[in-house]
There are 2 protein chains.
Amino acid sequence: MFGARCLLRALRSCSSVPCPRHKPSTKLSVRDALGAQNVNGERVKVQGWIRSVRSQKEVLFLHVNDGSSLESLQVVADSSFDSRELAFGSSVEVQGQLVKSPSKGQNVELKAEKIEVVGNCDVKAFPLKYKERHPLEYLRQYPHLRCRTNVLGSILRVRSEATAAVHSFFKDSGFVHIHTPVITSNDCEGAGELFQVEPSSKIKVPDENFFSVPAFLTVSGQLHLEVMSGAFTQVFTFGPTFRAENSQTRRHLAEFYMVEAEISFLESLQDLMQVMEGLFKTATRAVLASCQEDVELCHKFIAPGQKDRLEHMLKHNFLVISYTEAVEILKQASENFTFTPEWGADLHTEHEKYLVKHCGDIPVFVINYPLSLKPFYMRDNEDGPRHTVAAVDLLVPGVGELFGGSLREERYHFLEQRLARYLDLRRFGSVPHGGFGMGFERYLQCILGIDNIKDVIPFPRFTHSCLL
Amino acid sequence: MFGARCLLRALRSCSSVPCPRHKPSTKLSVRDALGAQNVNGERVKVQGWIRSVRSQKEVLFLHVNDGSSLESLQVVADSSFDSRELAFGSSVEVQGQLVKSPSKGQNVELKAEKIEVVGNCDVKAFPLKYKERHPLEYLRQYPHLRCRTNVLGSILRVRSEATAAVHSFFKDSGFVHIHTPVITSNDCEGAGELFQVEPSSKIKVPDENFFSVPAFLTVSGQLHLEVMSGAFTQVFTFGPTFRAENSQTRRHLAEFYMVEAEISFLESLQDLMQVMEGLFKTATRAVLASCQEDVELCHKFIAPGQKDRLEHMLKHNFLVISYTEAVEILKQASENFTFTPEWGADLHTEHEKYLVKHCGDIPVFVINYPLSLKPFYMRDNEDGPRHTVAAVDLLVPGVGELFGGSLREERYHFLEQRLARYLDLRRFGSVPHGGFGMGFERYLQCILGIDNIKDVIPFPRFTHSCLL
C-alpha cells in the first residue's frame, strides 16, 4: 500500500550468501539482544550504527550500537561480507543467529547471515573519528552528532532515566503534576534578566502586546505551584526555566530545567528537607539501578573518584547547619576567600564548596538566612536582632547549591506590610506551606561528576549560541 | 529551632473540648483516609479545605477536601465545635478517630476531637459559592481559584495521571526521553506565526541578538528528535510548543503541550500507526484505572454519553483509509460542507468530523496525503499521477485531528532536490525513520469530552490573555 517497505527491501544489500528461508527473524534492540538468556541460535534482526570494524583473514567483526545501551553487539560474519561500505558510522541491518560468545568480552554475539547497509557514512567528512576519544569541548560543536558518542549517549540515557525517576518519586509520594506555564506576565522575584516574548512580526512594535501585557519566559513555576498547592496540597512541576544572563561560564545556561515542589500544611523546614533528601536519594538510587554502566562510564573516564563520593553521599544522612553557624565556620577557616564571609552577606560558590568539604563531603542544608538576603515571600522567623527567614539551601560536593527552598509566608498581615501583589492568594483559606526548586542539570552534574553544564543537556542555549 | 512549629500551634483553635493525650495522630491525606480498610477508631490528623458545613441540633457535619481525591472526607463533630470560622473555603486541621460511617454516602468518617481553623475564608469575597455549580466560562476568570472546584480538580488530576501514563508508555516501550529545546533558531516548517525571544532590555534593539541569531519559541521538537533518533533509535519528547496565532477560538492556545516521538529504522506507516494506537489506548486505560471517579465526573456533568463513546473507541481497532478514499467518501456525502471536498485540498474540521462519524465513531487514520499539502521532509511515495507522501493523521470523535505523523524522507538525493537545510543529518548513516506528534490538550479533550481547550490546561495563554 505504501511502497516504503518494498523500497527498503530494494536498498543495497552486501549479502552475497543466499539467506535460507526460515521463520521470520524477531526484531531486537541491542539491549534486548545483549540481555537474552540461554541463547541457542535464535534468528533475530538487529539494526544500528557501526561502532567498529575489524577484518581478519576469514572473519569480520562488527560492533553495532542502536543507543539502547552503552554496550554494542558484536556481529561475527564471514569475510565474504566485507565491503568498504561497512564503515564506522554507517547504519546497518543485520540478520542472523544469536549465539553464546566464545570470547570473554560479551555473553552473546550475532552470527550474521545477512548484512544490509541502510545508510552510508562518509568517514572522511564525519566529525567523529574511529577509536578516538573526543574532548567534550570538541563535541559541543556538533550538537546533532555528539549523541552518537559513548559518553554523550550515556549522559543522555541517564538524563532520561533521571527524568522518569523524578516523576516516579513524586507520583509515589502523592504529588499532583502541574504543567506550569512557560509564558508568564509575572516577573516573579526579579531573578536576573528576563526574556521577553512577542510574535516575530510585532517585535518591532513594542507598544502593542500580543497578550495585552508584556510577557516573559518563566524563571520559576513557584507562584503557579502555590496556586495549585492551595487545591491539591502537594504539587510539583518539572519544566524549562529561563535566564537572559550574559554569561558564558560552565555553570550557566539561558534555558535549563527545574524540578519544583510546593506543599501545603507544611509545618517546618525539617519536613521540607525530608522531601528534598528523599528526592535526591530515591532518584539517584533509581538511576544507579537502571543505568549502572552509563553512570560507571562517566565515573571512570570523566570524574575519577566520583563513584565513591556518590556512595558516601547516599550512605549518610544529610547535615543541617544554620546560616549563622555557616558564617562562623567560614570566619574560622584558614582559607583565603575572595569574598570575606560576613553575617548578612550572600554565600558565594567558594564558601559553599568550603562548607561541604568542612562537613566531610556530605550534602549539607544551610537554613535560616538573613531576611534582607531573601525574597519577600519567605516566612519570617520573628527572631532578632539578627532577623532571619525560614529559607533552606542544599549544598552538595562539586556543585554547591543544588536545591533552594523555604517556608512561605502564609500570614496575611505579614505580607500586607511587605507587598500587595501576593495577597489575593492568602485571602481564602490560607495555609502554611513551603516548597523548593532543584536545578536538574546541576543534579546530573552532581551524580555524574560532569564539570560543564552544557554537557548534560541535549541542546544547550547560552549567549551567542543557539545551535539548531 | 525555627519557630514555625510553635507559631502554628499558637494558631487559633476552635476546640473547646480538652483533647486527651493519646499517642500522636497519624497524618493522612483524604484519599488515604477514605481508602482505609477495617477502621476501628485510629487517631488521625487530616488537613484540607471545607467544602460543606451542615449544622444540626447536636451534630456538625463538615466535608473536608485536600485535592488528593474528588471525594471529600466527612467530619462529624459535636455541635460545640460550631463556629462562624468553619466556613466554606476555610482551611482546617482535624484530629480525631477514623470510624466506619453509619450512613450510606461513605465508608469511613472522622469523629473530630479537635478542629483548628488554619486559614479563614471570607465567603462574601470568595468567587466560588457554596453549593453552586459554576459554568466553566465563569471559572476561567479565576485561574488561581478554579482548581478548588470539583470539575477543575478532576480535570487536573486526570492531566497529571495522563502525563505519567505517557511517560510510562514510552519508557516501557524502550524510548529514550529527550528534553528538546524551547528556544530555537530553527523555524521548522513555518507553521503559523512564531514567537520571537529577546532579553527584555534588548527588545527595542533588534539588530543585536542575544543568541547572535534571531531566536524563536519552538513549534515542534521534531528536528531535535530526528537528531536524537539517529543515536538512540526510539526517542520521545513531551513539552510545551507555541503558536502566535491571533485566534480566540475554543480550539487554540498560544502555549500547548505536544507528545512527539521519532523512530529510526521504521519501515512502514503501519508500524507508526501501531505506536500511535498503542499510546492512545495504553495511556487511556491507565487513566481510567487510576482516576475513575474523576473521569466519571466529567462524563456525567460535562459530556453525557462520553463514557460509552470512549469505551467504543477503546474496544475497536482503529480504522485506516487513504486520503484519496477520504475525499471520495466526502464527495459522496449528502452533507453540505462549507468547504467543497476536492483531491489536493486540505481536510477541514467539518470533513474530519464527518469522516469519523462515517467510520462509526471509531478513530480513523487517514494516510498518504498529496505531496503538495505536506512539508518537505515527508517521504515521497513515488506514486502518480496523484503524487502522495507517507503522511498519517489520526482523527478522533469530537476533536478531529489528534495525531499527525509521517515517514521522513531519508534518501539524500530526494531531499537534495528539495532542500539544503536538512542535509547534514542524512550524510552519516542515514536510516529510514518516522514520527508523530499528539496534541496533549486535544487528547484530554477527547477522553474527557471537554469542549474548550482552555479548560484542560492549568494556565491558558492566548491572544490578549496571560493571567498570572
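This is a predicted model: local features need pLDDT of at least 70, side-chain atom pairs count only at pLDDT 80 or more; totals for chains, interfaces and linings use all residues.
Residues are numbered from 1 along each chain as its sequence is written, and chains are lettered from A in the order in which they are written. Local features here need pLDDT of at least 70, side-chain atom pairs count only at pLDDT 80 or more, totals for chains, interfaces and linings use all residues, and side-chain values use heavy atoms, leaving out hydrogens and water.

**View 1. Where chain A meets chain B.** Chain A puts 122 residues into the contact and chain B puts in 123; contact means heavy atoms within 4.5 Å. Together they bury about 9,900 Å², with 63% of that on carbon and sulfur atoms. Buried area is the accessible area (1.4 Å probe) that two parts lose on being put together, summed over both.

**View 2. Charged and polar links across the interface.** The rule picks out four salt bridges between chain A and chain B, a salt bridge being a side-chain nitrogen of Lys or Arg within 4 Å of a carboxyl oxygen of Asp or Glu. Lys45(A) and Glu267(B) form a salt bridge, at 3.7 Å from N to O. Helices (H or I, at least four residues) and strands (E, at least two) are DSSP runs, numbered from the N terminus.

**View 3. β9 of chain A alongside β9 of chain B.** These strands, residues 195–199 in each chain, pair in the antiparallel sense over five bridges; pairing takes at least two DSSP bridges. Glu198(A) has Gln196(B) as its bridge partner in β9(B).

**View 4. Thr180(B) in its loop.** Look between β7 (176–177) and β8 (183–184) of chain B. Thr180(B) counts as buried because its relative accessible area is 10%, and buried means under 20% (exposed is over 50%, partly exposed in between; 1.4 Å probe, protein chains only). Its side chain makes a polar contact with that of Thr237(B) at 3.0 Å. Beyond four places in sequence, the residues that Thr180(B) touches include Glu255(A) and Tyr257(A).

**View 5. Asp346(B), partly exposed.** Asp346(B) sits in the loop between α9 (323–332) and α10 (349–358) of chain B, at 45% relative accessibility. Asp346(B) and Leu373(B) are 27 residues apart in sequence, yet 6.9 Å apart in space, C-alpha to C-alpha.

Definitions and conventions. A polar contact is a pair of N or O atoms within 3.5 Å; within protein, one must be able to donate a hydrogen and the other to accept it, and residues adjacent in sequence count only if both atoms are side-chain atoms.
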